[in-house]
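Here is a short briefing on one protein model. It covers a pocket, the helices around that pocket and the domains.

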Amino acid sequence: MTAPRTVGILTAGGDSPGLNAAIRAVGKSAQRAYGMHVIGFHDGFLGLMQNRFTRLSSDDLSGILTRGGTILGTSRVKVDKMDLGEGRTLDMTPVMREVVEKHELEALVCLGGDGTMRNALKLAEIGVRVLTIPKTIDNDVAGTDITFGFDTAMTIATEAVDRLHSTAHSHHRIMVVELMGHTAGWLALGAGIAAGADVILIPEIPYDVEAVASSIAARRAAGSSFSIVAVAEGAISRQDAVRHAELVERKDAATGEERAELKRQIKDLERRVDGTATLASELSEMTGLESRVTILGHVQRGGTPSPADRLLATRLGSACADYIADGVHGVMVASRGDTTEPVPLKEIAGVVKTVPLDHAWLSTARHLGIALGD
Ligand code: F6P
């Protein structure tokens, strides 16, 4: 008699509503449909490297569908450049492969975003049978229609922006609200449209602060003395975009200490420290209206997943078990309409899905008179 096959699961990167629903779906499907055993590694690739794991029985997988976060814990590491401090890094992929071999895993399932796709590809390249499932509130993973976590985050952000309307109206203020999304504008654009924002600023369209101020002044002249500005955390002004491009060009040509310094300056610019506060005070100065800032932050990815995210995570997790049983690996389980598709990791790892400039959501926003800062 052959021993039951075992599947390993880990969750990596920033957490996202729906992770537990996906763990449950992979685990239950592997157990019930294919008689496999399931183990979960703690804290992402870090726990895999340290062989910190727990067996997941069907009881362990019950009652977690609606829970936010991840029962396995998560971490952000680069598997081939593990940080040893003082600028030193080490490739830990061989150690992780040993752990996978020790457990005789049929497959390792990694739930994560873009960083996880890159880590998983590194493991696939040294022979680990790995599959990934895309999650992130940013919705910026290439090769899939959508990632789970996005719908929940958009719901939370929409409700928050809805609530800003009444207070903005009462005080005749500009309310500048910052949404997450990393370098992509999906969350700000989606929630901004859904909540009726007057201005939406996303990284894909560098903004002209004077154009934003004019649109607010025009609203005021037309009788609306308040405005809601939804700004993505990665949004950048035209001036900063030019400076960013210059710094990148100089960095590419530089070496040694100069290159390191330029990298630091680029990081600072990308981090947009105080960027939203600066934007709010500039708009206030230019329009003569008071402004206030709200930064939604991690509240956008906390708590119970929406029904749509539960369904998506469950669909992808269940399909993942089917792919494992069929011997498919080296792929991301992508959502395609109502079905799924295994997409080779090497086609999507390292590719960020930003909002295309001809995307329908952008033309919708323009038709409605929402200013996009250009
Ligand atoms: O990728 C998800 C995300 O929430 C981004 O929207 C945000 O930029 C980032 O993670 C925040 O990361 P951390 O959890 O390290 O604060």
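Which residues lie nearest the centre of the second largest pocket? They are Tyr-207, Ser-237, Asp-240, Thr-278 and Glu-282, among 18 lining residues. This is a predicted model: local features need pLDDT of at least 70, side-chain atom pairs count only at pLDDT 80 or more, and totals for chains, interfaces and linings use all residues. Residues are numbered from 1 along each chain as its sequence is written, and side-chain values use heavy atoms, without hydrogens and water.

**Pocket**
- The second largest pocket holds about 340 Å³ of space.
- A pocket is an open set of points on a 1 Å grid over the protein atoms alone, where a 1.4 Å probe fits, with protein on both sides within 12 Å along at least five of seven lines; lining residues have an atom within 4 Å of a point.
- Its lining has seven nonpolar, four polar and seven charged residues.

**Helices**
- H7 (209-221), H8 (238-253), H9 (256-271) and H10 (275-287) each supply at least two lining residues.
- H10 gives the largest share, four residues.
- Helices are DSSP runs (H or I, at least four residues), numbered from the N terminus.
- H7 and H10 pack at about 50°, with axes 9 Å apart.

**Domains**
- Domain 1 spans 6-149 + 305-337, domain 2 spans 154-236 + 272-301 + 357-367, and domain 3 spans 241-270.
- These bounds come from an automatic or database domain assignment.
- The C-alpha centres of domain 1 and domain 3 lie 34 Å apart.

Notes
Grid points are joined across faces, edges and corners, and a volume is the space filled by probe spheres set on the points. Ala, Val, Leu, Ile, Met, Phe, Trp, Tyr, Cys and Pro count as nonpolar, Asp, Glu, Lys and Arg as charged, and the others, Gly among them, as polar. Axes are lines fitted to C-alpha atoms, for helices over the stretch in contact, and angles run from 0 to 180 degrees between N-to-C directions.
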